[in-house]
Amino acid sequence: MSQSYIPRISVRLALSLALLTASSAIIPQSLATDVAANTNIPQLSSNAVKVADYAVAKYDAAMVQSLAELVSFNTQAVEGQTPDTNPAFVGFKSSLQQLSQTLGLDYVDHGYVILIGLDATSSSTGEPKKLGVVTHGDVQPANPALWAQSPYLLDSQSEPGKLIGRGTEDDKGAIVTAMYAMKAIKDKQIKRDRRIELLVYLAEESDWEPLQTFLTHYTPADMNITIDAEYPVVTAEKGWSKIAFTVPNITISNRDAKAEAATQTPTLTAFSGGYFASQVPQQAEAQIEAVSPALLAKLQTKAAAQQGMKYRFENHCVDSLCKLHIFADGKAAHSSTPEDGVNAVTHLAALLSNNLSHDLSNDLSNEQIHAPWPQTAASLTVAVINELVGLGIYAEQFGDLAYKDDFMGPLTLAPTVVSETQKGTEVIINLRRPVGKTPELLTKQAREALTLWQDKHQVQLVDIESYWGEPMVMEGAPQQQTLLDVFAHFTGIVDPKPVAIGGSTNSKLFPNALSFGPAMPGVEYTGHTEKEFITHKQFMQNLKMYTAAFIELSAVK
């Protein structure tokens, strides 16, 4: 649910605002079965409740099977290919078409956009009305080495109760849920004066331009639900933003190189990490030349003290010269919720923030001399991350960049990709910004912080750029209270309130668009992570809530 320019997703940033009372804790299903008897819980129409129960009883197994089919296609964007030329997307669209036909839903392929619908059973005078349901079928990359089995094979065995696979939560599970909700409504012949139209976009994670072009000749519904975020109802989204720059390669003269070799000065020669811009990186690595036993011991001691991190040290020695390769392993998270992850890039940078600069004795109780690493692209990258970011996630060290909004919460940031290129080491920092500052001010403050850092280190960063996505606040959407009532009815949570999230969904492009699930508030969102999953229980809970919401918003009153 995120991308390089105008990305996405969502997860709770201001959970304290999510619900009004202590009753906001998620009530187990076993305790929520009799919520209809609770006078504080909104009562839905009998059709909505009955058809929701029917949908789960009838289509549980079929939904899991359909999800497995959609997950099997690696619908990750490939440069130079489109959904009509990429074989994975072609197969995915064919599978969607077959499922639509099986369920009795209409299907139209517009290239980047698929429309799957269930027509109204009765029509009022004037222009036909629609209930729009917006989602996406493309996914972010996955590192197979970090999964128990292929990310594109639905795994229900490794961890019973979980459906593990790329796209299960973001967003193929939601597609399947919406389609079977429409099927249940069709089965029960619910009279509706609105067409239910599911829009599946195929480049949400990489490029919003084709969708924007499509919307210039397509009339969207006047009331839309985006099923690409979380419950109860999302009315505000931060803007996906980034700061990027390249730390240049440093040329060391032959004389300096010989001197360093003679003194065997420990030198940081490589530093990298991260997989894509919208994921808090789980892995990072570094390489150090001329490592002494004292330095290795110091690094191992520091590494053991870091919470949530695992390290592997590979030390290769030839004669008296040793080369150390450090592998760091943290915890991936969606970059809209950096608090859910353990950033391997920032933690490895913190580990390397100081070093023993000389080949000291093995007695670490002796006085230890700390000095900066010799200047290399790798050492400067470590310095810029430590000095402008550190282990924080709210831009506390990045000049005057930090700020917050009372409802949307604070600006967050996370270095997500550090990659070595011919020019030097490219650093991408992903930020999520609330309302409260203009892009012009943010650009100025980011530049000022980078300029001060460059002056301090007497180095010039290259290819500095920033992008500041627009935050969204949706007010006055007519379906808001209905969605809150559906959520309250099926969870037993009393008086739920709208929330703000750190992600960025396609709802920004649609009128009266509110996000409604599929993730529960207060529960870690797993989209964009390694080992993405949705629980089977939540999968079925979503089916109930989507079925009921579609009926309440489209049925003839």
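**Ground rules**

I worked from a predicted model, in which local features need pLDDT of at least 70 and side-chain atom pairs count only at pLDDT 80 or more, while totals for chains, interfaces and linings use all residues. Residues are numbered from 1 along each chain as its sequence is written, and side-chain values use heavy atoms, with hydrogens and water left out.

**Entry 1: disulfide**

I looked for disulfides, meaning pairs of cysteine sulfur atoms within 2.5 Å. The count came to 1 disulfide. C317 and C322 are the partners, with 1.9 Å from S to S. I noted 105° about the S-S bond, which goes with a right-handed link.

I then checked exposure, where buried is under 20% relative accessible area, exposed is over 50% and partly exposed is in between (1.4 Å probe, protein chains only). C317 is partly exposed at 43%, whereas C322 is buried at 12%.

**Entry 2: cavities**

Rolling a probe the size of a water molecule over the atoms shows where empty space is left. I took a cavity as a set of points, on a 1 Å grid over the protein atoms alone, where a 1.4 Å probe fits but cannot get out; lining residues have an atom within 4 Å of a point. Grid points are joined across faces, edges and corners, and a volume is the space filled by probe spheres set on the points. I found 2 cavities of 30 Å³ or more.

The largest cavity holds about 50 Å³ of space. Its lining includes K130, E197, Y218 and F510. I sorted the lining by class, counting Ala, Val, Leu, Ile, Met, Phe, Trp, Tyr, Cys and Pro as nonpolar, Asp, Glu, Lys and Arg as charged, and the others, Gly among them, as polar. That gave 7 nonpolar, 2 polar and 2 charged residues for the largest cavity.

For elements I used DSSP runs numbered from the N terminus: helices (H or I, at least four residues) and strands (E, at least two). Strand 3 (129-136) and strand 5 (194-201) each supply at least two lining residues to the largest cavity. Strand 3 gives the most, with 4 residues.

The second largest cavity has a volume of about 30 Å³. Among the residues lining this second cavity are I243, R447, E465 and S466. Helix 10 (439-457) gives the most to the lining, with 4 residues. By class I recorded 4 nonpolar, 2 polar and 2 charged residues for the second largest cavity.

**Entry 3: salt bridges**

Side chains of opposite charge can pair when their charged atoms come close. I counted a salt bridge where a side-chain nitrogen of Lys or Arg is within 4 Å of a carboxyl oxygen of Asp or Glu. The whole structure gave 21 salt bridges.

I looked up K544 and D53, which meet at 3.2 Å, N to O. This pair links helix 12 (residues 536-554) with helix 2 (residues 46-71), 491 residues apart. K544 is buried at 17%, and D53 is partly exposed at 37%.

Next I took D222 and R194, with their closest N and O atoms 2.8 Å apart. D222 lies in the loop between helix 5 (209-214) and strand 6 (224-226) and R194 in strand 5, so the pair ties together parts 28 residues apart in sequence. D222 is partly exposed at 40%; R194 is buried at 10%.

Key:
On a 1 Å grid over the protein atoms alone, a cavity is a set of points where a 1.4 Å probe fits but cannot get out, and a pocket is an open set with protein on both sides within 12 Å along at least five of seven lines; lining residues have an atom within 4 Å of a point.
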